[in-house]
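Here are my notes on the model you sent over. Have a look at it first, then go through the points below.

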Amino acid sequence: MNFKDAIYFSLPDRLPEKKSFKEGIRRAPQRSFTLNKKEMEIAMKNALRYIPEDLHDEIIPEFLDELITKGRIYGYRFRPDVEIKGKPIDSYRGKITEAKAFQVMIDNNLDFEVALYPYELVTYGESGQVFQNWMQYNLVKKYLEEMTDEQTLVIYSGHPVGLFPTSKKAPRVISTNAMLVGLYDNLDDFNKAASIGVSNYGQMTAGGWMYIGPQGIVHGTYITVINAGRLYLGIPDDKDISGIVFLSSGLGGMSGAQPKAVEIAGGIGVIAEVDYSRIKTRYDQGWVSKISDDPEEIVGWIDEYRKSKNPVSIAYHGNIVDLLEYFVDNHIPIELISDQTSCHDVYGGGYTPAGYSFEEGRKLLETDPDKFKEEVDRSLRKHYELITKMDEQGSHFWDYGNSFLKAVYDAGVRDVAKDPENPSMGFVYPSYVENIMGPMCFDYGYGPFRWVCLSGKREDLKKTDQAAMSCIDPDRRGMDRDNYHWIKNAEKNELVVGTQARILYADAPGRIAIALKFNKMIKDGEIGPVMIGRDHHDVSGTDSPFRETSNIKDGSNVTADMAVHNFAGDAVRGMSMVVLSNGGGVGVGKAINGGFGLVLDGTDLKDEIIRSAMEWDVMNGVARRAWARNENSLETAAEWNRQNRDKGHITLPYLTDETKIKEAIEKYLK
Ligand SMILES: NC(=O)c1ccc[n+]([C@@H]2O[C@H](COP(=O)([O-])OP(=O)(O)OC[C@H]3O[C@@H](n4cnc5c(N)ncnc54)[C@H](O)[C@@H]3O)[C@@H](O)[C@H]2O)c1
């Protein structure tokens, strides 16, 4: 069998030098490793597929050591020697703008300043990887350097399957992550597949190459916190949350947005974090203003800022459980409470149990994972008990989409579920999407639209901020007023970490108007090319019963048709890149999420794609939400039908009188 003469794209036929690791860069914990000998053999053979045969003798012991000590073969040696960061697009090699743009996005996701565990290719969310290993990174780069505008690169869980002929209007990259067959769609089987080297947990924008640093989530967190104040505390629409305390935990990839968002919303943020290195990162960035490991000192600051009504953000270095305990014991009133520890991966290192420092927790996880699990469960039960006590004292708690309540349930607290036998019926505390983001944003079509100025010029970002602001009418709805306020102050708030990027929640007409305006500015030579996209955590991109679709009440929240259709619909309409992944923030088997990237280059073709694809990308979800009888979506979809009579039509439901049904059922069952 001779096929080797047909390998035209491969890694160099010489092994790169063995690498040392830079001090102070966070490293991923050992991942679950349950392979038997036979499976280890497969894992090794799989990784060696990327490497020319005459190099195998030298690399085999190294790969084996990685597999056993890390639980994965990352191929550290293949990490490039150059500094990895999202550089200006012109510094990349490639035949087309799109292919160079993807390289900017990939490198930004792996930047030491941006990524959570850059050596292990993890961008954020404890386990969200860009690729499974560095061999894939190198091979994808090679393909991107060669790709033309009539080819599409196909990627399965980070592995480039190949470059196939398509057309100018087709996506340039189609990628999927961790798409497991139903029977194996669970964490244990995923971990096995990942160790074997055939599956990647892409989270959302890690494997989707659209992460823009914690800024991406600041706007959503700002919207959540300010609207929580309105919903739970009756704060009027034109006021902020000054003098109000928001208590939470986590200063990691996404959770690190919390202190900044609360400050922008005018409030007092207190965020617990066990890992000092993460506190330091946020402090150095100016995203958190004060640090203390002393609850008493923190209470003093709370009092001071309640009086002055000035915004402030405070990092507590310690376990959230200890801080809550102090607040309960000392009857400290806190209005708003949530949690953003990585509970989607609670036993894999995402949650440090009370009684252990961060380092002690990591050590226990490595040496005795069963005991670690026991300790996590004990801590979660205590954590929840303290929340219920704070609730009795007048606090309002919501789940931040990190599977906290599900983790508490799994730790043995059955009455945290509305139906103790069936947690899919929801929990006794709301999730932030169920009460806030869902009805107030997603149902209208507002979602986390974002863009990256690929020139790398700050000047371009300033111009796009101004342009986007001119597309928003602050008097239309409360949401528009908040978004206007956000973009007006975005530069002043110094949100950029990594590439020159911006997030701005917008609805379908808003996103289309902004994108068209940018494309025109590129055509007129005012700015360089721009990549637009969104977080997958959006109106239509994600089916997740514990989160994005938690306010869908027609029973369809167990289905993933919307996310799959979004991916297909975005692809046929010509988005530059489309991605579909399993899991996301809530974990394997609990969500299907998808996203897109569209590279704007000033051409008429891109105008055409913006008009059709951007509209579909939002209205798909609005249509589904309207069919589920969500009030604000009914209004939005009906308006779309009125304006598009000759173009299309969304199927709208007839509504019934619920009491009629209840009575009929009662009567029948008697
Ligand atoms: N921000 C959002 O809008 C949003 C939305 C949906 C879901 N989430 C979820 O929030 C979670 C956090 O995401 P991330 O990217 O920040 O993850 P991350 O792993 O980068 O950060 C979590 C942080 O929590 C800290 N931590 C763990 N246990 C702790 C404890 N007991 N006390 C204090 N600190 C503790 C960790 O040290 C870590 O820094 C994920 O599950 C994510 O899916 C966030």
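1. How many bridges join strand S3 to strand S4? The answer is six, between residues 151-156 and residues 159-165, and the two strands run antiparallel. Strands here are DSSP runs (E, at least two residues) numbered from the N terminus, and two of them pair if DSSP finds at least two bridges between them. Gln-151 has Pro-165 in S4 as its bridge partner. Two residues sit between the strands of this hairpin, where Ser-157 takes a positive phi near 45°.

2. Before you go on: this is a predicted model, with local features needing pLDDT of at least 70 and side-chain atom pairs counting only at pLDDT 80 or more, while totals for chains, interfaces and linings use all residues. Numbering starts from 1 along each chain as its sequence is written, and side-chain values use heavy atoms, leaving out hydrogens and water.

3. For polar contacts (N or O pairs within 3.5 Å), check Glu-273: a polar side-chain atom lies 2.6 Å from a ligand oxygen. Backbone polar atoms also take part, with Thr-352 at 2.9 Å from a ligand nitrogen and Gly-585 at 3.0 Å from a ligand oxygen. The protein buries 99% of the 860 Å² that the ligand exposes when taken alone (Shrake-Rupley, 1.4 Å probe).

Key
Polar contact = N/O pair within 3.5 Å; in protein donor to acceptor, adjacent residues only side chain to side chain. Helix = DSSP H or I, 4+ residues; strand = E, 2+ residues; numbered from the N terminus.
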